[in-house]
Amino acid sequence: MNTTTNPAHLTRKPKILVARAIFPEALAKLEETFEVRSNQADKVFTPQELQNELATVEGALVTGSERIDAQALSQADQLKIVANISVGYNNFDIPAITAAGVMATNTPDVLTDTTADFGFALLMAAARRITESEHWVRAGKWDQWSIVNNPLGMDLNGSTLGIIGMGRIGKGIARRALGCGMNVIYHNRSRLPADEEKAYSATYVSKEDLLRTADHVILVLPYTAENHHTIGAKELGLMKPTAILVNIARGGIVDDAALAQALQNGTIFAAGLDVFEGEPKVHPELLKCSNIVLAPHIASATEKTRRAMVDLAIKNLTTALAGNKPPSLINAEAFKG
Ligand code: 8YV
């Protein structure tokens, strides 16, 4: 009997997919342990391409641009984990992933402060009309400066900020608001414990009261079917005409067509948007508004934080493929014991 072991078999590396470009050093590290199919060209896969790619791998690093659902998983017989490089996971159909026996992970915590910073930056930029002011300077209008003829903005200090979604990032926004001399009111699926409300000087109110009372509103809630169009024409109508709306949550939480109309009619003063319905497309009516600050979904985009997100996603993937429970397992219930 031939008892010789097969070295090729022993050294076989598990095959993984990296669905979008990542930092070269992170890719090189993965290649030490895995046979990597990587998409450093960064062209977004079609649903069919994604399905084909997932059919041959044991793990996948993905981002918000990859929808992981029953179709994507239909031939993914060896797949054990999909690791999102993102805290939000509305690109995941969790019941379908769980039914396929696959672990799903995300990247919480590492982006909280970076994202809260950016939410506050958008709020400040929209309130103080920074984009319009820059255009004003570039258009050579500075010589028209006067006390009254400037892009006049709204104060944040002394105003009331309404936060919809009081999770980790919402609380980060509250901390920044307090530092800026703002009052904080919030609405959330569940009310915070009294000690946390005290720590953030945050008052719980209904969504309608928040929209009526807040001087400015920021959206930091996860996207779910229930949260679709949390802010539409009716809700915008409740807001103050001097109010600013900031969305750093997800496209689809705001009805972008209704928002464009509200910005054009003066129903609200201005908006700051990092996320859009159907992004990377932007509603053409929003592009016509000057009282808006637009960003291409970059709230987590600092070098340090994007590296930390990739590192955490890799840790999730390697832990799962080593047969252990990854640190940020979403569908943990299905993998108990
Ligand atoms: C990501 C995000 O850049 O973490 C999230 O939920 O929205 C962003 O940080 C984006 O989802 C890419 O996957």
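Is Arg129 buried, partly exposed or exposed, and what is its relative accessible area? Arg129 is partly exposed, because its relative accessible area of 21% falls between the limits of 20% and 50%. The structure is a predicted model. This briefing covers the surroundings of the ligand, a nonpolar surface patch and local backbone geometry.

**Ligand surroundings**

- The residues around the ligand are Thr63, Gly64, Ile85, Ser86, Val87, Gly88, Leu111, Arg250, His297, Ser300, Arg306 and Met309.
- By class, this shell consists of 4 nonpolar, 6 polar and 2 charged residues.
- The side chain of Ser86 places an N or O atom 3.0 Å from an oxygen atom of the ligand.
- For Val87, a polar backbone atom is 2.8 Å from an oxygen atom of the ligand.
- For Arg250, a polar side-chain atom lies 2.8 Å from an oxygen atom of the ligand.
- On its own, the ligand has 330 Å² of accessible area, of which the protein covers 84%.

**Nonpolar surface patch**

- Val137, Trp142, Trp145, Ile147 and Val148 make a nonpolar surface patch of about 630 Å².
- One of these residues, Val148, is located in the loop between α7 (130-138) and β6 (160-164).
- Val148 counts as exposed because its relative accessibility is 66%, and the cut-off for that class is over 50%.

**Backbone geometry**

- Most residues other than glycine have a negative phi, and most peptide bonds are trans.
- Arg129, which is not a glycine, has a positive phi near 55°.
- The position of Arg129 is in the loop between α6 (112-127) and α7.
- His297 is likewise not a glycine and has a positive phi of about 55°.
- The loop between β12 (292-294) and α14 (303-321) contains His297, a residue that is also among those around the ligand.
- With a relative accessibility of 29%, His297 counts as partly exposed.
- The peptide bond from Glu279 to Pro280 is cis, and its omega is near 15°.
- Pro280 is placed in the loop between β11 (270-273) and α13 (284-287).

Note on methods. Residues are numbered from 1 along each chain as its sequence is written. This is a predicted model: local features need pLDDT of at least 70, side-chain atom pairs count only at pLDDT 80 or more; totals for chains, interfaces and linings use all residues. Side-chain values use heavy atoms; hydrogens and water are left out. A residue is near a molecule or strand if one of its heavy atoms lies within 4 Å of it. A polar contact is a pair of N or O atoms within 3.5 Å; within protein, one must be able to donate a hydrogen and the other to accept it, and residues adjacent in sequence count only if both atoms are side-chain atoms. Accessible areas come from the Shrake-Rupley method with a 1.4 Å probe; for residues, only the protein chains shown count as cover. Ala, Val, Leu, Ile, Met, Phe, Trp, Tyr, Cys and Pro count as nonpolar, Asp, Glu, Lys and Arg as charged, and the others, Gly among them, as polar. Patches are made of residues with over 30% relative accessible area and no salt bridge: like charges are joined within 9 Å, nonpolar side chains (Val, Leu, Ile, Met, Phe, Trp, Tyr) within 5 Å. A salt bridge is a side-chain nitrogen of Lys or Arg within 4 Å of a carboxyl oxygen of Asp or Glu. Helices (H or I, at least four residues) and strands (E, at least two) are DSSP runs, numbered from the N terminus. Buried means under 20% relative accessible area, exposed over 50%, partly exposed in between (1.4 Å probe, protein chains only).
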